[in-house]
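Welcome! Please take a moment to look over the model below, and then we can walk through its helix, its cavity and its pockets together.

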Amino acid sequence: MSSETSVTNPPTFFVNLPTINLEKATAFFVALDFDHIKLWSDDKSSAFRLPGANSQVSLMIHIHERFKTFNRPGTSVVDAFKSTEALFSFMAKDKASVDAFIEQAVNAGGKADPYVLKNYGQDMGMYNRSFEDLDGHIWEVCSMVGLCPGA
């Protein structure tokens with residue numbers, strides 16, 4: 001939970017996502033140690049900083065009504081359980097940290113490994129796992145453990 005009374009060092013990149021249930025989604029990301037920025041949150045949106053070294057990135061989750069105000073008129077909000085609108089990835093320190101984060105996501109109600117890369121991405125110089133959040137958005141947690149072949 002954020003103890004900030006002002007945001008003097010605001011995040012430099014924002015990811016905005018729709019949610020069906022703001023209260024449950026907020027609790028999910030708090031359980032993953034995302035830093036809840038209450039100063040930028042209300043009954044229609046919750047703001048967070050991603051954990052650890054990724055803290056300059058902000059996640060904004062919005063109820064559908066508010067999320068639509070940020071989109072082109074006449075477009076619809078994607079149902080992330082039926083379509084993939086994007087893949088959200090962030091880095092972890094090492095393989096053990098990746099596995100621990102996935103376990104944390106599952107304990108908070110998420111689904112582990114909705115897809116698995118061959119050899120967990122080893123052929124691309126990384127250790128990669130994924131989780132699905134409560135609204136069906138896919139997140140990757142990666143650690144660079146080597147070089148890509150031919151690098």
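Points are joined across faces, edges and corners, and a volume is the space filled by probe spheres set on them.

This is a predicted model, in which local features need pLDDT of at least 70, side-chain atom pairs count only at pLDDT 80 or more, and totals for chains, interfaces and linings use all residues. Residues are numbered from 1 along each chain as its sequence is written, and side-chain values use heavy atoms, with hydrogens and water left out.

## The cavity

The structure holds one cavity of 30 Å³ or more. Its lining is made up of Pro18, Ala25, Phe28, Phe29, Ile61, Asp133, Leu134, Asp135 and His137. Helix 1 gives the largest share of this lining, three residues.

Sorted by class, the lining of the largest cavity has six nonpolar, one polar and two charged residues. Here Ala, Val, Leu, Ile, Met, Phe, Trp, Tyr, Cys and Pro count as nonpolar, Asp, Glu, Lys and Arg as charged, and the others, Gly among them, as polar.

## Helix 1

Helices (H or I, at least four residues) and strands (E, at least two) are DSSP runs, numbered from the N terminus. Helix 1 spans residues 22–31, and its Leu22, Ala25, Thr26, Phe28 and Phe29 are buried. These residues lie on the same side of helix 1 because they cover an arc of only 160° around the axis, taken from the directions from the helix axis to the C-beta atoms. On the other side, Glu23 and Lys24 are exposed. Buried means under 20% relative accessible area, exposed over 50%, and partly exposed in between (1.4 Å probe, protein chains only).

At the N-terminal end, Asn21 caps helix 1, with a side-chain oxygen 3.2 Å from the backbone nitrogen of Glu23. After helix 1 comes Asp33, whose phi is positive, near 70°.

## The pockets

The largest pocket has a volume of about 270 Å³. Asn16, Pro18, Phe67, Asn71 and Val77 lie nearest its centre, out of 15 lining residues. Strand 1 gives the largest share of this lining, three residues.

The second largest pocket holds about 170 Å³ of space.

Conventions: Polar contact = N/O pair within 3.5 Å; in protein donor to acceptor, adjacent residues only side chain to side chain. 1 Å grid on protein atoms, 1.4 Å probe; cavity = no way out; pocket = protein on both sides within 12 Å on 5 of 7 lines; lining within 4 Å.
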